[in-house]
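Trainee: Please take me through the structure shown below, one question at a time.

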Amino acid sequence: MKAAKMEKIVKTFYDQLEKGKIMGRRCTACGNVEFPPVFICNKCGCFETEWIELSGKATFQSLMVANGQTQKYQDLMPYGLGAVTLEEGSEVNALIGGITPENAEEYRNKLPAGCHAKIVQRDGYKTVMFEVDK
Amino acid sequence: MNTVVNQTKLHPYSRSVSIIGVGCTPFMNTVDDPETEGLTEGELFGYATMEAMQDAGVSPKDVDFYFHGQAAPMGSDYITPNIMAANWVGMKGKGSIHHSEACCTGYLALEQAVNAVASGKYNVVLSGCVEFGDAIAIPYKPACFRRKMPMNEFLETTRWIYDKAYTLGMMAGPVINFDDSAEYYARTYGLSVDEMDTVICHMALNNRYNAVHHSLAIVKEDFPEIAKKAGYENIMDYMKSDRENPKMGEYLRLLGTEIKCDGAAAVIVCPTEMASQFTDQKPIEVLGIGSACLESSNHNLEIHATREAVRQVYELTGVTPEEIDLMYINDFMIPSQLVAAEIAGYLPEGEGWKYISEGRTRFDGDRPINTNGGRTSFGHAHAASGLADLYEAVHQMRGDCGERQVKKLPKTVMLRGFGGSQNVTAAIIRTKEA
Ligand SMILES: [Zn+2]
């Protein structure tokens, strides 16, 4: 194996976040989009995937209000936790900003509800969370 | 839910394998009691395996190979603890493998032992797990010197079970598991947050009731007594008090989570046809073990992985849910009991919460679950817990549990392993009639 063939998927993902872009990998065989990006398609097993910039549009199917231990990320409060599905079909568990104990029921009654990706600064790197659509 | 879960078809073992011996130490916080303070991992592993060997009627000379499980290295300050363990069990020079799958270690301890015998390579295999989940080793000091590990320090080490490429950074994975299965259940079957809270508290009550009847459990006092001492007449007022039983998430409360502790457990397996050479007790055949892993960024991972593991083992064995007489479920977050029992068909889908609320899943109920008290009340010596469940299952199947014997002698038992963010197994074992 040539070293040049070994693409840095993880580093590229974080480098692109610095530029404001959220990237996934699309399978060249079945079109499945992996987010967060990995290099083999989990749906069909194809070895070939390619970079795709994600729209950031998403929905969430479940909702848990942050409370107790799940309030771990104090600087990002208020947030909830949920199963997020991106417009491109990828699924990921994520923080959903803007969820409070007061408005949770309203969103719970209209699941799946809309949300959108948001790039946030952590200690020395950027990451992705989501924010409810108002 | 269209989460990608790759599937596997299991094939029959090359030869039938049975459990012929089990052992388990008390689950305890060794440093809290002068009687147990200073016990070492070699000694706990030794006591559990010695009991298993005596139970099986085998000597260390009969054992061809052994597996050793430990979830986290702080307990022993070893990454190859199997090597040291040989000294304590009369097996110097025997081959062995150490494995570590966090809270699923003890369930996969059975999987590996069975595979080793089923392959034909070995006849008698020992599999033991030991964990110091509370009293951790002090580097460079002899093994009897230990210190208590505070909960916060333990929670820090759980980072070792989460994906570092993305999941830790995206933050949801390490915390969503507190509530994920409870939220799934409440949403799917139309329970309010408060109703689900009540069901979760009932699970904790049932586990505690089972544990106080078990001499090896870490807890000795039942919740109604504790509540009374704290001034509560109504047990649910105590269980749902944010002061006495604080919320860990939106649904889960403290008493629905594990009590981490120290302990060890072990099992001996051999070809079913050889069992009578060692013991007069009926062998307990391992019919099959399903396996599925899903990392913590995946939606409802416990639901998906349990479905797949259960699907595999039912397909392989042809066993139907109606044939399962007793179930053990790794429940360090107690909603696992409910979702896993329903996925296995042990409790009716969407109705399991009623069974739990009516106490029907206690050892004296008609659908017993975790007759030892589970992780929230038997205690959670992380690696060892799976084999502690197996120990309890075997004794229930032999009918020798005395006052806490389940009503109908169980013939077929399922054990649902879970752990390490998350490795899921579903094993079916059955008493082999002569
Ligand atoms: Zn594909």
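Trainee: Where is M274(B) placed, and is M274(B) buried or exposed?

Mentor: This is a predicted model, in which local features need pLDDT of at least 70, side-chain atom pairs count only at pLDDT 80 or more, and totals for chains, interfaces and linings use all residues. Residues are numbered from 1 along each chain as its sequence is written, chains are lettered from A and ligands numbered from 1 in the order in which they are written, and side-chain values use heavy atoms, without hydrogens and water. M274(B) lies in the loop between β7 (262-271) and β8 (284-293) of chain B, strands being DSSP E runs of at least two residues, numbered from the N terminus. Because its relative accessibility is 14% and buried means under 20% (exposed is over 50%, partly exposed in between; 1.4 Å probe, protein chains only), M274(B) is buried.

Trainee: How far apart in space are M274(B) and S18(B)?

Mentor: In sequence, 256 residues separate M274(B) and S18(B). From C-alpha to C-alpha, the distance is 9.2 Å.

Trainee: What is the geometry of the site of the zinc ion?

Mentor: The protein donors (N, O and S atoms within 2.8 Å of the metal, or 3.2 Å for Na, K and Ca) are the SG atoms of C27(A), C30(A), C41(A) and C44(A), at 2.2 to 2.4 Å. Four donors count as tetrahedral if all angles lie between 85 and 135 degrees. The angles among the four donor atoms here are 100 to 114°, and the site is tetrahedral.

Trainee: Which strands of the open sheet in chain A stand at the edges?

Mentor: The sheet has three strands in the order β2-β1-β3, with antiparallel pairing; two strands pair if DSSP finds at least two bridges between them.

Trainee: Which residue is the bridge partner of R26(A) in β2(A)?

Mentor: Strand β1 (residues 23-27) of chain A pairs with β2(A) in the antiparallel sense over two bridges. The partner of R26(A) in β2(A) is V33(A).

Trainee: Which residues of chain B lose the most area to chain A?

Mentor: The contact (heavy atoms within 4.5 Å) takes 29 residues from chain B and 38 residues from chain A. About 2,900 Å² is buried between the two chains, this being the accessible area (1.4 Å probe) lost on putting them together, summed over both. Together giving 27% of what the chain B side buries, the residues are Y166(B), M170(B) and M171(B).

Notes:
Four donors count as tetrahedral if all angles lie between 85 and 135 degrees; four count as square planar and six as octahedral if opposite donors are over 155 degrees apart and all others between 65 and 115; anything else is irregular. Helices (H or I, at least four residues) and strands (E, at least two) are DSSP runs, numbered from the N terminus.
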